[in-house]
Amino acid sequence: MKVGDLILFKPKGAPDDDWSNAAIVVREWEHLDKNKQPIWIAWCEGYECTVDSTNYDVTYLTTL
């Protein structure tokens with residue numbers, strides 16, 4: 001995932017009708033521990049949402 005990607009996301013294990021509306025990745029969360037998996041901030045329906053590949057299934061609609 002990278003800034004500018006247009007994605008859909010849902011919690012892992014959630015039913016298929018639980019996908020988010022389209023969201024755009026706006027930045028990466030700054031970790032103090034650089035060994036952790038990246039967490040991304042996505043703008044979705046007027047809110048900033050945190051998305052990571054550990055807890056969410058992600059589908060890419062477009063990528064830059």
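This is a predicted model: local features need pLDDT of at least 70, side-chain atom pairs count only at pLDDT 80 or more; totals for chains, interfaces and linings use all residues.
## Overall fold

Reading along the sequence, you get β-β-β-β-β. That's five strands and zero helices. The radius of gyration is 11 Å, close to the 11 Å that the globule rule gives for 64 residues, so the chain is as compact as a globular protein of that length.

Along its principal axes, the C-alpha trace spans about 35 × 25 × 20 Å. Of the 64 residues, 27% count as buried. Take the contacts with a separation of 6 or more: residues 24 or more positions apart account for 43% of them.

## Charges and salt bridges

The chain carries 6 positive and 11 negative charges, and their mean positions sit 6 Å apart. Side chains of opposite charge can pair when their charged atoms come close. Here the structure holds four salt bridges.

One of them joins Asp5 to Lys2, with the closest N and O atoms 3.9 Å apart. Asp5 counts as buried because its relative accessibility is 2%, while Lys2, at 36%, is partly exposed.

## Links between strands

Lys10 and Asp57 meet in a salt bridge at 3.6 Å, N to O. This pair links distant parts of the chain, strand 1 (residues 6-11) and strand 5 (residues 56-62), 47 residues apart. Lys10 is buried at 5% relative accessible area; Asp57 is partly exposed at 24%.

Arg27 pairs with Glu48, closest N and O atoms 3.0 Å apart. Arg27 lies in strand 2 and Glu48 in strand 4, so the bridge ties together parts 21 residues apart in sequence. Arg27 is partly exposed at 38%, and so is Glu48 at 47%. Shared partners also join Lys10, Lys12 and Asp57 into one salt-bridge network.

Technical notes. Residues are numbered from 1 along each chain as its sequence is written. Side-chain values use heavy atoms; hydrogens and water are left out. Helices (H or I, at least four residues) and strands (E, at least two) are DSSP runs, numbered from the N terminus. The radius of gyration is taken over C-alpha atoms; the globule rule is 2.2 Å times the number of residues to the power 0.38. Buried means under 20% relative accessible area, exposed over 50%, partly exposed in between (1.4 Å probe, protein chains only). Contact means heavy atoms within 4.5 Å. Lys and Arg count as positive and Asp and Glu as negative; His and the chain ends are not counted. The place of a charge is taken as NZ of Lys, CZ of Arg, CG of Asp or CD of Glu. A salt bridge is a side-chain nitrogen of Lys or Arg within 4 Å of a carboxyl oxygen of Asp or Glu.
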